[in-house]
Amino acid sequence: MGKREIRVLLADDEVHIRYLIRSIIRSEGYVVVGEANNGEDALALYREHRPDLTLMDINLPLKTGDEVLVEIMREDPDAKVVMLTMVADTETVQRCLDLGATNYILKSNSVETIRQMLREAVNSLSLEETQP
Amino acid sequence: MNAKFDYLKMKQEIVEDEKIFKAKPILLTQREIQAILVERKSKDDRRRTS
């Protein structure tokens, strides 16, 4: 049986960040099912695609990433949302983790670190699926 | 008299500095965030097994 396709939704208002993260996602063999440059589109795309993993910026126009996170978790408590942001203050990190974010990746990390953390996030998905 | 005035001014400055210090957000590194996640996960595991 072949490996299951990992479907990722990407929400970031910066084009160059989306380009970079999209490249990482594709080079790992995962599929980008949608890209949003604001919070409202991110939520709409989540509802449409129900991705395996969502990479979410915090400072998004129209609706912030943490507001979108609240709505996603309310609708789908099993959702896997990883925050990918420059915001590193304790309060925001704790709040996002309290709201149900699976992980919190700082954009200031090297590309290799982001790649590694993304792999770990996907691996944890596979582990959860195989657990009884 | 001057010494007393200076003392009060100094005390006021300390209060102001504390306000600024408390208002300043504490920024975390990726390593610190990972440590928080590990701690949360082990707490969840303990809660689940107890």
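Visitor: Leaving aside neighbours within four places in sequence, which residues is A:Ile72 in contact with?
Guide: A:Ile72 is in contact with A:Leu43, A:Tyr46, A:Met56, A:Ala79 and A:Val81. Contact means heavy atoms within 4.5 Å. This is a predicted model, where local features need pLDDT of at least 70 and side-chain atom pairs count only at pLDDT 80 or more, while totals for chains, interfaces and linings use all residues. Residues are numbered from 1 along each chain as its sequence is written, chains are lettered from A and ligands numbered from 1 in the order written, and side-chain values use heavy atoms, leaving out hydrogens and water.

Visitor: How many residues has the largest nonpolar core?
Guide: The largest nonpolar core has 29 residues. A:Met56, A:Ile72, A:Met83 and A:Tyr104 have the most contacts inside it. A nonpolar core is a set of buried Ala, Val, Leu, Ile, Met, Phe, Trp, Tyr and Cys residues joined through side-chain atoms within 4.5 Å. Buried means under 20% relative accessible area, exposed over 50%, and partly exposed in between (1.4 Å probe, protein chains only).

Visitor: Which elements each supply at least two residues of this core?
Guide: From chain A, strand E1 (7–11), helix H2 (39–49), helix H3 (65–75), strand E4 (81–85), helix H4 (90–99) and strand E5 (103–106) do. Helix H2 (30–49) of chain B does too. Helices (H or I, at least four residues) and strands (E, at least two) are DSSP runs, numbered from the N terminus.

Visitor: What about the second core?
Guide: That separate core has 20 residues, including A:Val8 and A:Leu125.

Visitor: New topic. How many residues of chain B are in contact with chain A?
Guide: 11 residues of chain B are in contact with 14 residues of chain A. The two chains bury about 1,000 Å² between them, 57% of it on carbon and sulfur atoms. Buried area is the accessible area (1.4 Å probe) that two parts lose on being put together, summed over both.

Visitor: Which residues in chain B lose the most area to chain A?
Guide: B:Leu28, B:Gln30 and B:Arg40 do, together 48% of what that side buries.

Visitor: How many salt bridges are there between chain B and chain A?
Guide: The count is 1. The side chains of B:Arg40 and A:Asp98 meet in a salt bridge (2.7 Å, N to O). A salt bridge is a side-chain nitrogen of Lys or Arg within 4 Å of a carboxyl oxygen of Asp or Glu.

Visitor: Is A:Lys107 buried or exposed?
Guide: A:Lys107 is buried, at a relative accessible area of 13%. A:Asp12 is buried as well, at 1%.

Visitor: What else does A:Lys107 pair with?
Guide: A:Lys107 also forms a salt bridge with A:Glu14 (3.5 Å, N to O). A:Glu14 is partly exposed, at 31% relative accessibility. A:Asp57 meets A:Lys107 in a salt bridge too (3.5 Å, N to O). That pair links parts of the chain 50 residues apart.

Visitor: Last one: where does A:Val33 lie?
Guide: A:Val33 lies in strand E2 (residues 31–36) of chain A. Residues up to four places away aside, A:Val33 touches A:Arg7, A:Val8, A:Leu9, A:His49 and A:Pro51.
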